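Here's a quick briefing to read alongside the model. Have the sequence and the 3D view open, and we'll go topic by topic.

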Amino acid sequence: MSPHDDSAHAHPHGHGHGHQHGDLDWEAMAAHLENSGELHLPVLSRTAARLGELLGPDRQVRRVLDIGSGPGVMTCVLAETFTDAEVVAVDGAPALLDHTRGRAERLGVGPRVAVRHAELPEGLDAGLGTADLIWSSKAVHHVGDQQGVLDALAGMLNPGGLLAVAEGGLPPRFLPRDIGTGKPGLQARLDAVQEHWFEIMRAELPGSVAVVEDWPAMLRRAGLTQVSSFTLLLDLPAPLGGPARAFLHAQLTRLREMMSESLDAEDVKTLDLLLDPDAPDGILHRPDAFLLSATTVHTGVRPV
């Protein structure tokens, strides 16, 4: 799932997606995820370029897997970056794979983009084949055994191939500490509620295994070498444009729907004000709204 996320189709952190597809409105979710991905295009493009640098100028990249690809924003960036490669989008939601096909055709990379329907982790045994580059954003943390998934992905690399996972990073910031209504520090309290939700989500996953989320160490345990990490910023200062405001409105809407029972009445009231499409102090209109987020990518190479 792209960050971007990320990346969560129904994940309040705004990235990745889980396996409980249920009765989600996939068209609405796809639009939200694609909007998020397009806002992050500067970061995604720089990320893909950095992955190319890590692979080195002499490495022939013939096949790329995007594990948990969402609507295919990063899939297409990878296809545009690695111009000799087949790029395979792998996701558990057929509706999102349809969006990937459409996006790839619109951007002129359709002949080199393939899609595969597969859930994590069981879908990794579904004959996805090997790759020179495997990318996964905000997907591994939706699997009970995170180390097991990394082990499996590492085993799908060709010798000398690169695994890159976007996990961790920092929660986005988009409002001042004091927004002039309600108690100051709303975002810090929203972060705390999301962390609590995330803890419960992880504990309830099938086969959940507690692990210190030291991603470089986990990549090394998966047998990879030349392990490293880098972080890139998305910095959209105030005043925000329409697409960024729409993205934040959608994020806050999902937070309101999923987390309101964990917030006190005053914070719920503040969220309702921020979501009011006609309120001057709402997220769609207030002049001080911005978007600052950090995406961290961890990489490792399969030894030759």
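What covers the buried residues of H8? The cover includes helix H1 (26-39), helix H6 (186-204), strand S7 (225-236), helix H9 (265-275) and strand S8 (291-301). Bear in mind that this is a predicted model, where local features need pLDDT of at least 70, side-chain atom pairs count only at pLDDT 80 or more, and totals for chains, interfaces and linings use all residues. Residues are numbered from 1 along each chain as its sequence is written, and side-chain values use heavy atoms, with hydrogens and water left out.

**Helix H8**

- Helices (H or I, at least four residues) and strands (E, at least two) are DSSP runs, numbered from the N terminus.
- H8 runs over residues 242-259, and its 18 residues should span 26 Å at 1.5 Å a residue; the expected span is 1.5 Å times one less than the number of residues.
- The end C-alpha atoms of H8 sit 25 Å apart, which agrees.
- On the buried list for H8 are Ala-244, Arg-245, Phe-247, Leu-248, Gln-251, Leu-252, Arg-254, Leu-255 and Met-259. Buried means under 20% relative accessible area, exposed over 50%, and partly exposed in between (1.4 Å probe, protein chains only).

**Helix pairs**

- The axes of H1 and helix H2 (residues 41-55) come within 4 Å and cross at roughly 65°. Axes are lines fitted to C-alpha atoms, for helices over the stretch in contact, and angles run from 0 to 180 degrees between N-to-C directions.
- H1 and H2 are therefore roughly perpendicular; that label covers 65 to 115 degrees, with under 35 being roughly parallel, over 145 roughly antiparallel and the rest oblique.
- At this crossing, Gly-37, Glu-38 and Leu-39 of H1 meet Leu-41, Pro-42 and Leu-44 of H2, where contact means heavy atoms within 4.5 Å.
- H6 and H9 pack at about 110° with axes 12 Å apart, which makes H6 roughly perpendicular to H9.
- Here Leu-186, Arg-189 and Leu-190 from H6 meet Asp-267, Thr-270, Leu-271 and Leu-274 from H9.

**Nonpolar cores**

- A nonpolar core is a set of buried Ala, Val, Leu, Ile, Met, Phe, Trp, Tyr and Cys residues joined through side-chain atoms within 4.5 Å.
- The largest one has 51 residues, and Leu-51, Leu-78, Phe-82, Leu-133, Trp-135 and Leu-252 touch the most other members.
- Skipping neighbours within four places in sequence, Phe-82 is in contact with Ala-48, Leu-51, Gly-52, Leu-55, Val-61, Arg-112 and Leu-133.
- Apart from that core lies another, of 27 residues, among them Leu-65, Val-143, Leu-163 and Met-218.

**Leu-275**

- Leu-275 belongs to helix H9 and counts as buried at 13% relative accessibility.
- Beyond neighbours within four places in sequence, Leu-275 is in contact with His-249, Leu-252, Thr-253 and Arg-256.

- The Leu-120 to Pro-121 peptide bond is cis, with omega near 0°, and Pro-121 falls in the loop between strand S3 (113-117) and S4.
- Ala-238 to Pro-239 is also a cis peptide bond, with omega near -5°; Pro-239 is in the loop between S7 and H8.
- Lys-138 has phi near 55°, a positive value in a residue other than glycine, and counts as buried at 5% relative accessibility.
- Gln-226, in strand S7, has a positive phi of about 50° although it is not a glycine, and counts as exposed at 60% relative accessibility.
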